[in-house]
Amino acid sequence: LLSTGQLQINAKKAVNGPAFRAYVDTGQTITSGSQQKVVFGTENFDTDSCFASSKFTPTVEGYYQFNATVRIAGSSGTGEVMLVLYKNGSEYARGTNEGGTEQGLNWYSMQVSDIAYANGSTDYFEVYIQQTSSSSHDTTAGSTISYFSGCMIRGA
């Protein structure tokens, strides 16, 4: 059976759900001591126009895989640095928690990855970053360095 339209099971879209990938195109100053939303200013792709203002609001109900990596400047002793996946304005999953000694010459790279359910209408997802040093540090721009992606992996 060949179908040229949208495949639905029990009135729900079954395949080809939304997917996106965006990246930091301009470094962002992250102040010490609080979580700040990461600005992903350029999209690599956004299949269903669900990504805007660094926020993904999928229009198809289902389960989604999210991945984010962000690099931040910081020398040894910067303190804790961490990425957090937010769902509907609240913490959903904390990622790797780095601190103390930088990974490279004056930088840290953090990741967060998880699967989340989205209702297809009001649920939305964002990435926040925090760092606890005595000064501000900047994110590193670049499509291969600091990015956020997600895709539907299964219908509801």
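Burial was scored by relative accessible area: under 20% is buried, over 50% is exposed, and partly exposed lies in between (1.4 Å probe, protein chains only). The model is predicted, so local features need pLDDT of at least 70 and side-chain atom pairs count only at pLDDT 80 or more, while totals for chains, interfaces and linings use all residues. Residues are numbered from 1 along each chain as its sequence is written, and side-chain values use heavy atoms, with hydrogens and water left out.

Most residues other than glycine have a negative phi. Asn88 is not a glycine, yet its phi is positive, at about 55°. Asn88 belongs to the loop between strand 10 and strand 11 (90-98). Its relative accessible area is 32%, so Asn88 is partly exposed. Ser49 also has a positive phi, near 55°. Ser49 is found in the loop that runs between strand 6 and strand 7 (51-52). Ser49 is exposed because its relative accessibility is 66%. Strands here are DSSP runs (E, at least two residues), and helices are runs of H or I of at least four residues; both are numbered from the N terminus.

The sheet was examined next. Strands of a sheet pair through backbone hydrogen bonds, either parallel or antiparallel. Two strands were taken as paired if DSSP finds at least two bridges between them. Five strands make up an open sheet with antiparallel pairing, in the order 6-3-15-9-12. Strand 6 (42-46) and strand 12 stand at the edges with a single partner strand each, so one side of each has no neighbour in the sheet. On average, neighbouring strands of this sheet are turned by 10° against each other, direction ignored. Axes for such angles are lines fitted to C-alpha atoms, for helices over the stretch in contact, and angles run from 0 to 180 degrees between N-to-C directions.

Strand 9 (residues 62-73) pairs with strand 12 (residues 107-118) in the antiparallel sense, over twelve bridges. Tyr64 has Ala116 of strand 12 as its bridge partner. Ala73 is bridged to Trp107 in strand 12. Strand 9 is also joined to strand 15 (residues 147-155), by eight bridges, and the two run antiparallel. Here Phe66 stands opposite Gly150 of strand 15.

Aromatic contacts followed. Rings of Phe, Tyr and Trp (its six-membered ring) pair if their centres lie within 6.5 Å; planes under 30 degrees apart are stacked, over 60 edge-to-face, and the rest tilted. Twelve aromatic pairs are present in the structure. Tyr64 and Phe66 form a stacked pair, 6.3 Å centre to centre with 25° between the planes. Tyr64 is buried at 0% relative accessibility, and Phe66 is buried at 1%. Tyr86 and Tyr128 are stacked because their ring centres lie 3.9 Å apart and their planes meet at 20°. Tyr86 is in strand 10 (residues 81-87) and Tyr128 in strand 13 (residues 125-131), so this pair ties together parts 42 residues apart in sequence. Both Tyr86 and Tyr128 are buried. One aromatic cluster contains Phe20, Phe40, Phe51, Phe56, Tyr64, Phe66, Phe125 and Phe148.

Charges also meet rings. A charge sits over a ring if NZ of Lys or CZ of Arg is within 6 Å of the ring centre and within 35 degrees of the ring normal. The charged end of Arg21 sits over Tyr147, 4.4 Å from the ring centre. That of Lys55 sits over the ring of Tyr124, 4.5 Å from its centre.

Salt bridges were then counted. The criterion was a side-chain nitrogen of Lys or Arg within 4 Å of a carboxyl oxygen of Asp or Glu. The whole structure holds three. Lys37 and Glu126 meet at 2.9 Å, N to O. This pair links distant parts of the chain, with Lys37 in strand 5 (residues 35-37) and Glu126 in strand 13, 89 residues apart. Lys37 is partly exposed at 24%, whereas Glu126 is buried at 6%. Asp123 bridges to Lys87, with the closest N and O atoms 3.9 Å apart. Asp123 lies in the loop between strand 12 and strand 13 and Lys87 in strand 10, so parts 36 residues apart in sequence are tied together. Asp123 and Lys87 are both buried. Glu91 and Arg94 form a salt bridge at 2.8 Å, N to O. Glu91 is partly exposed, at 38%.
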